[in-house]
Amino acid sequence: QVQLVESGGGLVQAGGSLRLSCVASGTIFSINAMGWYRQAPGKQRELVAAITSGGLTNYADSVKGRFTISRDNAMNTVYLQMNSLKPEDTAVYYCNADLQTRGFTPGKNYWGQGTQVTVSS
């Protein structure tokens, strides 16, 4: 069984910073890509940032230059450093991982429970 547990959300004023963390635990053989998604009320879930096991990154245009994704492969952890936060960044942020629980099997997608980020104006 695999669990993704996020932490680091909260309330911050516009222009402030937050750092989200997500730890994957359980029966894990290898983790491919990890990422962060967000979902604001009444909107679809969208990709914020993703990172491969080799460190290649991808960002949504709306967060480029403000957010930085990183990971610690040894700790099965992914981070999202969020700077210059804006009210429109308010959403529930979800951790995602594509991982294998056994060798020679396809990767599967796993999700965390989500952490609320609220940016006040």
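Side chains alternate along strand β1 (residues 2-7). V2, L4 and E6 point to one face and are buried, meaning under 20% relative accessible area with a 1.4 Å probe, protein chains only. Strands here are DSSP runs of E, at least two residues, numbered from the N terminus.

β1 pairs with strand β3 (residues 18-26) in the antiparallel sense, over six bridges. Pairing requires at least two DSSP bridges between two strands. Q3 has S25 as its bridge partner in β3.

## Basis of the model

The model is predicted: local features need pLDDT of at least 70, side-chain atom pairs count only at pLDDT 80 or more, and totals for chains, interfaces and linings use all residues. Residues are numbered from 1 along each chain as its sequence is written, and side-chain values use heavy atoms, leaving out hydrogens and water.

## Strand β4 and its two partners

Strand β4 (residues 30-39) pairs antiparallel with strand β9 (residues 91-100) over eight bridges. S30 stands opposite Q100 in β9.

β4 also runs antiparallel to strand β5 (residues 46-51), joined by five bridges. R38 stands opposite E46 in β5. The two strands form a hairpin with six residues between them. In the turn, G42 has a positive phi of about 80 degrees.

## R66

R66 lies in the loop between β6 (57-59) and β7 (67-72). R66 is buried, at 11% relative accessible area. Its contacts (heavy atoms within 4.5 Å), leaving aside neighbours within four places in sequence, are Q81, M82, N83, S84, L85, K86 and D89. The R66 side chain reaches the backbone oxygen of S84 at 2.9 Å.

Definitions and conventions: Helices (H or I, at least four residues) and strands (E, at least two) are DSSP runs, numbered from the N terminus. Buried means under 20% relative accessible area, exposed over 50%, partly exposed in between (1.4 Å probe, protein chains only). A polar contact is a pair of N or O atoms within 3.5 Å; within protein, one must be able to donate a hydrogen and the other to accept it, and residues adjacent in sequence count only if both atoms are side-chain atoms.
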